[in-house]
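Okay, thanks for coming, everyone. Let me put the structure up and then walk you through how the chains meet.

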Amino acid sequence: MTSSTRRPADALRARYGHALDAATGLARPGEVCLAWVRAECSDFVRFNHGRMRQAGTVERALCELRLVADGRQVRHCLTLCGDPDVDAARVRDGMARLRAALGHARVDAFLDLDRLAARSAHTQSVRMPTSDELVDTVCAAASGHDLVGFHAGGPMACGFASSLGHHHWHETASWTFDYSVYAGGGLDPATGRPARAAVDAALRDKAVKATVGGGDWSAERVRAAIARSITQVELLRRPPRTLAAGRHRALLDARAVADLLEMLAWGGFSARALASGQSPLMRLADGSARLDRRVSLVEDLEGAGVPLFQADGYARPPRLDLIRDGAFAGRLVSPRSAREFGLAGNGATGDETPQALSLAPGTLAESDALAALGSGVWVSNFWYLNFSDRPACRITGMTRFATFWVEDGEPVAPVQAMRFDDSLLRVFGDRLEALTGTAHAFPDTATYDGRAFGAVRAPGALLTGLDFTL
Amino acid sequence: MRALRVPSGGHLVVRCVHTDLLDLAFERGTLQPITSGEDAGAMVVASLPGGMGYAASAGLSAPALADAAARALEWARLSVRLGLFQDVDLPLPAVRGLHRSAHARAPLPELEGLIGLLDAESQAMAAAGARIVHWAASARATRTRHRLYLDGDCVGEQAFSFVEPSLEATAADAGRAQSRSLAGQYNGFCRQGGFEVIAQSGLVGGGARVADEALQLLSAPNCPEGRMSVLLMPDQMMLQIHESIGHPLELDRILGDERNFAGTSFVDLSMFGTHRYGSELLDVSFDPGDPTQLASYDLDDEGTPARKTMLIERGILKRPIGGRLSCARARALGHALEPVAAARACGWHRPVIDRMANLNIEPGDAPLARMIAGIEHGVLMRTNVSWSIDDSRNKFQFGCEWGQLIRDGTLGPVVRNPNYRGVSASFWRSLVQVGDASTFETMGTPFCGKGEPGQVIRVGHASPACRFDDVDVFGAEE
């Protein structure tokens, strides 16, 4: 199996960085050529019933070329393979395709490139596990329990260059192990097969979920996290309680608060969405609504290790206030939106989506949170959130993992999956009783379009009420 | 491909995928950068008795593929030792020499023509007035070619051509905003083919209608609250089918693979053949056959030939959406289930998992006029805008762009923010009327998400209008 686990800090740059130079070197007089590369070499391992379900390695590098001339721009995306000659030929073909398309483009009044060329390089070498080390650790730690989860790890990078002289590269390696331990199931000790068919129906959807991850991989952290979850899952084996629809006091763990904050990434702070009637935070932005004064939210790119450059060449601010003392404080303004809506740009990416939301903690000690709740619902995560009334910032979603009914500060029963439907303007407004004193960071585990940089940081929240519906 | 060394006692399956795309969009009157794309790579799967592993590579040279095969074999050996498949017969492609051409009847116009067409609709939306604060017209055309190799021999080759037209307008005034689209803000009208897809979508000439309907919604009263009938049109039925029939019937969910991410299912292995999923009016097919539907193919990515199969007949659950690997796993657990060609991946860089293809509701016998005439108190709903469902695919809440009251058998005024909620296990039993073929429409979504690592894949849904009684309906906050 793989013997070396520490790759060179710039392994991906060595394989794909040349595409940036190949692209920008093709610019002709009067043209500006820009190239954006993102690359990853990832081990992906799925587990089910405490054993390995599906595992593999994906190496993928994408290059987005942009050609700008006479105020027009066109874009072409291609896949790199790591062979410099083959990739240079793909870039040349792509550029030829762009020149053919440029004649069909129109003058783009909102095109804006940073003409002040900057350069940066960030690389970091970390230790990743061998395949055997990883799978042996997880399977041994699961020890017959019904663990289902996913490891994603390895180097990832993004780079940007332009014929104006920009040149940036950001490369690091990281890993996440996102998993759940179910209250029922696991392997039948007699047969070694999944024992799910015999699982009590009431336990089939009861699980504790957690995520560990970071830079250097640590078997000890993985083992400790799984052991902690195995202990916690015992509470879920108590007879469940079905919650009556209506308003209940609620304690949201930091992960549940992070789930709510992620909904605000759906256009909440986008200058374009705010200007075109599509943001859920329009009422907050226009001052007709205000959150509790203890709510302060920043986009903390530096804290989350997100590259501080974007595809139009502009630098991204390390930190940007979005909500300060409960009032709307800032929007994400891409260069394009700055031109279109007459705003001052702040280096936001083209989609104006936050990547590193960070909610300031409050003062309620985590150890006192259950007592402060008294009686009510204790929610560890939310699931499948969506807007049910976007202008009112009202969202609906489900409880899913480890949700308990609490009486006199003691969890007494797991709660059957329950739907809520409520406005975040209320949840973080007049219903907010306290924020806990510690903010926890949750790395971005999304892999749809490849692994991503970014994280959400949040404390827990105690609410005087949350509206449950079904 | 023949130079790849096949592992002793095992097999190598290689899936090569090449994709070419064109993306055109006007946003608020401005042509966005014309975007093209090209992507190619190979997924190499090594299988040994009792285990399998994969490696994906964009390098298609012999050394690059050999490296990928070696890495896949490493994972396969580990899978033999610590995987789930010790007692499972791992499937191999079951065809030889299959060939499928792309279904493209009418060529797309030249770039200039397509840009002009979108521009015209964009201008029509803008012409609706200053209260239209956002408007967009777009079209995406994607061509893909798949080749499947078993131990060096090409066993299947398929080509596809997908087209996704879209229109969207947002009207805003006095702190209120309403959006209307051609068929959903996530491209619900999407099919295989050529220009005829755009022609059939209603995009041509649709800009004025979409903007006008956004304005109507802006001034419409809120949807009423209470228990009543809902008449769901096909561009909402597609979402209802997708979330509360399609996902819960995926066999890999039922086997627990997705419990950490996409969720589990209220359906279990013992229900197939006996469980009453819906009323006797409910007939649901897994149908990869109609060449115009978004997820039609002749061969899935596991190499299983595709054919139409009934999953629910007269309301009784018959079969899951499971490929041959999932069915082999179920068999090892004592449940003999018939596979369908459902094992698919969204590209060369992702492994196969169980997926809906085209999951359709068969038409009934009720014309739309008769369906409306039979409703005393209800809401007709069109075009999904919001969706949420629990991890077992049971408790759902869905919202639509467009609602119209129905009172005493007459279709009445428009209402905004129509929403409804229910429980899958009982909702389909409240199906009381299924529209005839005149109400049947072919829809789909390019954005079905699932899997670890995540995958977004195309699925098709065709449905007639359907009526459900005694549903919990509500609107927005006043």
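First, a term: a polar contact is a pair of N or O atoms within 3.5 Å, where within protein one must be able to donate a hydrogen and the other to accept it, and residues adjacent in sequence count only if both atoms are side-chain atoms. With that rule, 64 residue pairs are in polar contact between chain A and chain B, both partners at pLDDT 80 or more.

Some housekeeping: this is a predicted model, so local features need pLDDT of at least 70, side-chain atom pairs count only at pLDDT 80 or more, and totals for chains, interfaces and linings use all residues. Residues are numbered from 1 along each chain as its sequence is written, chains are lettered from A and ligands numbered from 1 in the order in which they are written, and side-chain values use heavy atoms, with hydrogens and water left out.

The area buried between them, meaning accessible area (1.4 Å probe) lost on being put together and summed over both, is about 8,000 Å², and carbon and sulfur atoms give 45% of that. On the chain A side, Arg46(A), Arg53(A) and Tyr448(A) lose the most, together 9% of what that side buries.

Now the charges. A salt bridge here is a side-chain nitrogen of Lys or Arg within 4 Å of a carboxyl oxygen of Asp or Glu, and 15 of them cross this interface. One joins Asp20(B) to Arg97(A), with the closest N and O atoms 2.8 Å apart.

Notes: Buried area = accessible area lost by both parts, 1.4 Å probe.
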